Amino acid sequence: MIFVCAGFAGCTSPQSALDPAGTEAETVATLFWVMLVGAILIWLAVIGLSVFATRIRPKAYGETAGLRLIVWGGCVFPVVVLTALLVWGLQMMPPMRAEANGPTIAVSGERFWWRVAYGVEGEPGVSKTLPEGGTPSANEIWLPAGQRTELLLGSPDVIHSLWVPSIAGKMDAIPGRVNRLVVEPTKPGVYNGVCAEFCGDAHAQMALRVVVVPADEYEAYVARQGAPASVETGNAGFRAFMQNGCDACHAVRGTGAAGEVGPDLTHLASRRTIAAATLPMSRDNLAEFIGFTHRVKPGVQMPSYGMLAEEEIAAIAGWLETLQ
Ligand code: CUA
């Protein structure tokens with residue numbers, strides 16, 4: 001009983017397929033409960049019959065009883081049940097594959113973070129990679145509630161898998177091709193997502209947040225993310241950011257930092273977390289990540305900047321925190 005209670009304690013959370021906040025997740029949850037109840041009923045029937053046949057009336061059967069049990073219990077019953085489940089499962093699929101009627105967002109799984117681009121347009125090119133353009137962000141995906149948003153998934157390195165259990169099922173992000181996942185979140189809120197395909201050392205720290213908001217709020221958010229940074233560039237923090245080559249990998253639109261290897265930091269401080277949802281966003285955590293990068297997130301591609309003076313790291317973290 002304790003195990004059952006412990007198991008179900010995880011059902012109500014921002015990362016539970018059994019606490020759905022999206023149309024696809026609701027289908028998955030329904031499927032789970034029907035399968036669970038069905039399996040329990042069949043298990044009880046099998047145990048009941050076993051007890052009846054061996055303990056209660058062991059001598060009550062004629063010579064053909066065994067054959068009848070095999071035909072009806074071993075052939076007819078499974079065929080009927082499995083056919084019913086197959087038909088029921090198949091009729092669930094078309095709604096889950098329905099066309100999008102909302103925005104298109106490109107999501108690229110990269111070791112070990114999520115590159116996000118809002119408002120990309122058109123079909124993927126002949127190269128079969130994600131379409132170019134859009135408003136860049138990282139590790140946090142905003143979605144409009146009540147709309148069917150199309151996520152185009154790709155990867156430049158290895159196979160990753162996007163899984164936001166409260167919203168929808170998993171979809172792989174595979175190098176050299178574009179996978180399509182249409183999601184329809186129904187309840188505004190903040191949900192947790194993870195990388196669900198082992199992709200290297202920091203696989204377990206390749207998470208993300210999904211923020212579901214009303215449609216007008218979504219539009220305003222994307223517009224804010226599309227604007228260049230309005231930030232001081234005459235201070236020690238920005239100088240240290242540029243002098244230490246942070247701009248080789250990171251872009252801060254509007255400042256001259258235009259790296260494309262790592263996450264776009266233009267509105268970094270507007271996100272809830274840093275380092276792909278490894279730490280909550282705060283100045284202290286930014287400093288910690290810059291100074292002890294590989295202690296915070298072993299295996300991450302970013303080099304550690306522990307050789308910098310503490311004041312210099314603090315200045316960079318302080319400047320990054322102003323990137324609202
Ligand atoms: Cu990316 Cu696991």
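Author: Angles between helices run from 0 to 180 degrees between N-to-C directions, and those of 65 to 115 degrees count as roughly perpendicular. The model discussed here is predicted.

Reader: What makes H5 roughly perpendicular to H8?

Author: Helix H5 (residues 236–243) and helix H8 (residues 310–320) pack at an angle of about 105 degrees, and their axes are 7 Å apart. The range for roughly perpendicular is 65 to 115 degrees, so H5 counts as roughly perpendicular to H8.

Reader: Which residues make the contact, and how do they divide by class?

Author: H5 contributes Ala236, Gly237, Phe238, Ala240 and Phe241, while H8 contributes Glu312, Ala315, Ile316, Gly318 and Trp319. Seven are nonpolar, two polar and one charged.

Reader: Why is H6 called oblique to H8?

Author: Helix H6 (residues 283–291) packs with H8 at an angle of about 130 degrees, the axes being 8 Å apart. Roughly perpendicular covers 65 to 115 degrees and roughly antiparallel needs over 145, with the rest oblique. The H6 and H8 pair is therefore oblique. The crossing of H6 past H8 is right-handed.

Reader: Which residues of H6 and H8 meet there?

Author: On the H6 side they are Arg283, Leu286, Ala287, Ile290 and Gly291; on the H8 side, Ile313, Ala314, Ile316, Ala317, Gly318 and Leu320. The classes are eight nonpolar, two polar and one charged. Arg counts as charged, so Arg283 belongs to the charged class.

Reader: What does UniProt place at residues 229–324?

Author: An unreviewed UniProt entry gives "domain: Cytochrome c" for residues 229–324. In the model that stretch is 33% helix and 8% strand, with its end C-alpha atoms 8 Å apart.

Reader: Where does the domain assignment put its boundaries?

Author: Domain 1 is 14–96, domain 2 is 104–225 and domain 3 is 236–320. The centres of domain 2 and domain 3, taken over C-alpha atoms, are separated by 22 Å. Their contact involves 19 residues from domain 2 and 15 residues from domain 3. On the domain 2 side, two or more residues each come from strand S2 (113–118), strand S3 (135–138), strand S10 (207–213) and helix H4 (215–226). That side has nine nonpolar, five polar and five charged residues.

Reader: How much helix is there in the stretches listed as "transmembrane region"?

Author: The unreviewed UniProt entry lists residues 33–53 and 65–90 under that name. Residues 33–53 are 100% helix, with end C-alpha atoms 30 Å apart. Residues 65–90 are 100% helix too, and their end C-alpha atoms lie 36 Å apart.

Technical notes
Residues are numbered from 1 along each chain as its sequence is written. This is a predicted model: local features need pLDDT of at least 70, side-chain atom pairs count only at pLDDT 80 or more; totals for chains, interfaces and linings use all residues. Domain bounds come from an automatic or database domain assignment. Two residues are in contact if their C-beta atoms, placed from the backbone, lie within 7 Å. Helices (H or I, at least four residues) and strands (E, at least two) are DSSP runs, numbered from the N terminus. UniProt positions are given in the numbering used here, feature names are shortened, and annotations may be inferred rather than shown by experiment. Angles under 35 degrees count as roughly parallel, over 145 as roughly antiparallel, 65 to 115 as roughly perpendicular and the rest as oblique. A crossing is left-handed if the near helix is turned anticlockwise from the far one by less than a right angle, and right-handed if clockwise.
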